Amino acid sequence: MDRYARWNALLEMLTEDGRVSVEEAAERLDVSQATIRRDFDQLAQQQMITRTRGGAVANGVSYDLPLRYKTAKHSAEKQRIGTAAAALVTPGTVVGLNGGTTSTEVARALAVRPDLNTNTDGAQLTVVTNALNIANELLVRSRMKVVVAGGVVRPKSFELVGPLGGALLREVTLDIALLGVDAIDPQLGAAAHHEGEAAMNSLMVARAKRVVIIADSSKLGGHAFARICSLDRVETLVTDSGANLELVEAFRTAGVHVVCA
């Protein structure tokens, strides 16, 4: 287990239990207590946790962890979701893509599709994104046209938010928006933890002909602070095979096409 995977696991423990001792964490992660002490010290320096004698306590921020700490969580499911979502994209279209770990997997799947990486016959794919890491993934791996919305960078997600990006998004039309979310519920719709990200995502929804929500099964039935859109704007939900069957049926009853990757 690498350092970021350990840190993610430790933050998950603290989210669930509120307090974790060095001894308990070392036993659960099968590493030395010295390693856990170093991990706790480094997380405390970044103000992610509060260090205590013999352990650590939650700092109340792990609901919105920096992107680099989230990569190990549900990684296999997110890769499958990314591949399935990318399969919905056709050559020559304009795609909206926001930030997040699942969206990153979509970008990687798009980048390796040869039919989307040609400049002939007007078949070049155009991707509009407000995430710096997504733009980088596509630029170094493909020959797609990449348009980046402006704004202020959120260090936790690498997403650009604010009125500068909104001005660009209001001037474009998207054939399809592929949006990662923090939560999606059959009654409450799609939502994000941060209001700035939610506002940018809402603009993508407003400018898109088709809206596809990409979310692993842990996001289904949950709720988050800021609303992105109601469920009636969502054409398709791409999730993983571990999704609760009752929730899947509730989404389908609401008219959403559900793909379980």
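Me: UniProt annotations may be inferred rather than shown by experiment, and their positions follow the numbering used here. With that said, which residues does "domain: HTH deoR-type" cover?
Reply: The UniProt annotation, from an unreviewed entry, covers residues 3–58. Note that the structure above is a predicted model.

Me: What is the chain like over residues 3–58, in helix and strand?
Reply: Over that stretch the chain is 64% helix and 20% strand.

Me: Start with the helices, then. How do the axes of H1 and H3 cross?
Reply: Helix H1 (residues 3–17) and helix H3 (residues 33–45) have axes that come within 11 Å and cross at roughly 75°. Angles of 65 to 115 degrees count as roughly perpendicular, so H1 and H3 are roughly perpendicular to each other.

Me: Which residues make the contact?
Reply: From H1 there are Arg3, Arg6, Trp7, Leu10 and Leu11. H3 brings Thr35, Ile36, Asp39, Phe40, Gln42 and Leu43.

Me: How do those residues divide into nonpolar, polar and charged?
Reply: Six residues of the contact of H1 with H3 are nonpolar, two are polar and three are charged.

Me: Strands next. What is the order in the sheet of three strands?
Reply: The order is E1-E3-E2, in an open sheet with antiparallel pairing. Strand E1 (19–21) and strand E2 (49–52) are the edge strands, each pairing on one side only. From one strand to the next the twist averages 25°.

Me: How many bridges between E2 and E3?
Reply: Four, with E2 and strand E3 (residues 55–58) paired in the antiparallel sense.

Me: Which strands do H1 and H2 lie across?
Reply: H1 lies across E1, E2 and E3, and runs at about 125° to E1. Helix H2 (residues 22–29) also lies across E1, E2 and E3, but runs at about 80° to E1.

Me: Changing topic to the sheet of seven strands. What is its order, and is the pairing parallel or antiparallel?
Reply: The order is E6-E5-E4-E9-E12-E14-E15, and the pairing is parallel; the sheet is open. Its edge strands are strand E6 (145–148) and strand E15 (257–260), each of which pairs on one side only. The twist averages 20° from one strand to the next.

Me: What holds strands of a sheet together as pairs, in general?
Reply: Strands of a sheet pair through backbone hydrogen bonds, in either a parallel or an antiparallel sense.

Me: Back to this one. Which strands pair with E4?
Reply: Strand E4 (residues 94–97) is joined by four bridges to strand E5 (residues 126–129), running parallel. E4 also pairs with strand E9 (residues 174–180), in the parallel sense over three bridges.

Me: Which strands does H7 touch?
Reply: Helix H7 (residues 132–141) packs on the sheet and touches E4, E5 and E6. The direction of H7 makes about 165° with that of E6. Angles over 145 degrees count as roughly antiparallel.

Key
Residues numbered from 1 in each chain as written. Predicted model: local features only at pLDDT ≥ 70, side-chain atom pairs only at ≥ 80, totals over all residues. Heavy atoms only, no water. Axes fitted to C-alpha atoms, helices over the stretch in contact; angles between N-to-C directions. Helix = DSSP H or I, 4+ residues; strand = E, 2+ residues; numbered from the N terminus. Parallel < 35°, antiparallel > 145°, perpendicular 65-115°, else oblique. Contact = heavy atoms within 4.5 Å. Nonpolar A, V, L, I, M, F, W, Y, C, P; charged D, E, K, R; others polar. Pairing = 2+ DSSP bridges.
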